[in-house]
Amino acid sequence: MCRVISVANQKGGVGKTTSCVNLGIGLAGAGKRVLLIEADAQGSMAASLGIPEPDELNVTLVNIMDKIINDEDIGPREGILHHEEGVDFIPANIELAGLETSLVNVMSRETILRQYIQTVRDQYDYILIDCMPSLGMITINALVAADCVLIPVEAAYLPVKGLQQLIKTIGKVHRKLNPELSIMGILLTKVDRRTNFARDISEQLREVYGDHIHIFKNCIPLSVRAAETTAEGKSIYLHDPNGIVAEGYRYLTREVLGYEE
């Protein structure tokens, strides 16, 4: 059984791409077949996986979704690249922003990504979708395609405050478009362990949401080394294997694998 996980938050800079890439590579390291899909026009995931100029790619998620919209055949592994750390991935670039606008006039526009995922689902154990920082049509597509949502939240006041809108949107998609959709959990990121503030935010989050939404036991600490991985084109496990962030993502990977049991 393949599990499709959307990594979503409408606020940028909360560690969505870093979490998607490192969780995916962590799962691949545990022997799972993993596909990462970049549903973000900024191309950050492509850069994190070693593609310095995603805007120059010939085939991206846009081309694949275009073919679904126009009922054209998609070749086996078309648009799927392979990273040396064991994951397959489909990159995106700035053209995705244009597709979002044109989706308004497309029939069944919320299900385009799901239609594609159905064609590759049996080849993978996990498909992770890195969503853009908005609640637009591409993100709705990612939620409709997913079994569950992992929500990275920076341990700061405003990102936590913005959670409510995302949870409402997930609830609406669950009721109207994807009754299988659930929230896998909230992942606290960029946690500065030296401050009481981060601890207060964490406690506040557990108080408000902990009764009805799972909050991952281990948070991802704040670290300059995590930011450096994007420029390196490799995961935190290769860049800083003994660091606190690599340890945080190893714990997250184990917790996500625990859902299978």
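Two strands are said to pair when DSSP finds at least two bridges between them. In this predicted model, Ser6 stands opposite Val149 of strand β6.

## The sheet as a whole

The sheet is open and has 7 strands, in the order β3-β4-β2-β5-β1-β6-β7. Its pairing is mixed. The edge positions belong to β3 and β7, each of which has a single partner strand, so one side of each has no neighbour in the sheet. In general, the strands of a sheet are held together by backbone hydrogen bonds, in a parallel or an antiparallel arrangement.

## Strand β1 and its neighbours

With β5, residues 126–131, it pairs in the parallel sense over 5 bridges. Within that pairing, Val4 has Ile127 of β5 as its bridge partner.

The pairing of β1 with β6, residues 148–154, is also in the parallel sense and runs over 3 bridges. Here the bridge partner of Val7 is Leu150 of β6.

## Strand β6 and strand β7

Of the 7 residues of β6, 6 are buried, so this strand too is largely enclosed by the rest of the structure. Strand β7, residues 182–189, runs parallel to β6 and is joined to it by 7 bridges. One of the residue pairs is Ile151 with its bridge partner in β7, Ile186.

Val153 is another residue of β6. Its relative accessibility is 0%, so Val153 counts as buried. Leu205 is 52 residues away from Val153 along the chain, and the C-alpha atoms of the two are separated by 9.8 Å.

## Nonpolar cores

The largest nonpolar core has 54 residues, and the members that touch the most others are Leu61, Leu96, Ile117, Ile127, Ile129 and Ile186. The element giving the most to this core is helix α6, residues 137–145, with 6 residues. Apart from this core lies another, of 33 residues, which includes Leu27, Leu49, Leu150 and Leu187.

Leu61 can be looked at in more detail. Leaving aside residues up to four places away in sequence, Leu61 touches Ile37, Glu38, Ala39, Ile90, Pro91, Ala92, Leu96 and Leu113.

## Helices α3 and α4

Helix α3 spans residues 61–69 and helix α4 spans residues 95–102. Their axes come within 9 Å and cross at roughly 25°. Angles under 35 degrees count as roughly parallel, and α3 and α4 are therefore roughly parallel to each other. On the α3 side the contact is made by Leu61, Val62, Met65, Asp66 and Ile69, and on the α4 side by Glu95, Leu96 and Leu99.

## Cysteines

The structure holds 0 disulfides. For Cys20, the nearest cysteine sulfur is that of Cys131, 8.3 Å away. Cys20 has a relative accessibility of 0% and so counts as buried.

For Cys219, the closest cysteine sulfur is in Cys20, and the 19 Å between the two sulfurs is too far for a bond. Cys219 counts as partly exposed because its relative accessibility is 22%.

## Two loop residues with positive phi

Most residues other than glycine have a negative phi. Arg77 is not a glycine, yet its phi is positive, near 65°. Arg77 lies in the loop between α3 and β3, the latter being residues 81–82. With a relative accessible area of 43%, Arg77 is partly exposed.

Ser108 has a positive phi of about 50° and is likewise not a glycine. Ser108 is found in the loop between α4 and α5, where α5 covers residues 112–120. Its relative accessible area is 42%, so Ser108 is partly exposed.

Note on methods:
Residues numbered from 1 in each chain as written. Predicted model: local features only at pLDDT ≥ 70, side-chain atom pairs only at ≥ 80, totals over all residues. Heavy atoms only, no water. Helix = DSSP H or I, 4+ residues; strand = E, 2+ residues; numbered from the N terminus. Buried < 20%, exposed > 50% of the residue type's maximum accessible area, 1.4 Å probe, protein only. Disulfide = S-S within 2.5 Å. Core = buried A, V, L, I, M, F, W, Y, C linked by side-chain atoms within 4.5 Å. Contact = heavy atoms within 4.5 Å. Axes fitted to C-alpha atoms, helices over the stretch in contact; angles between N-to-C directions. Parallel < 35°, antiparallel > 145°, perpendicular 65-115°, else oblique.
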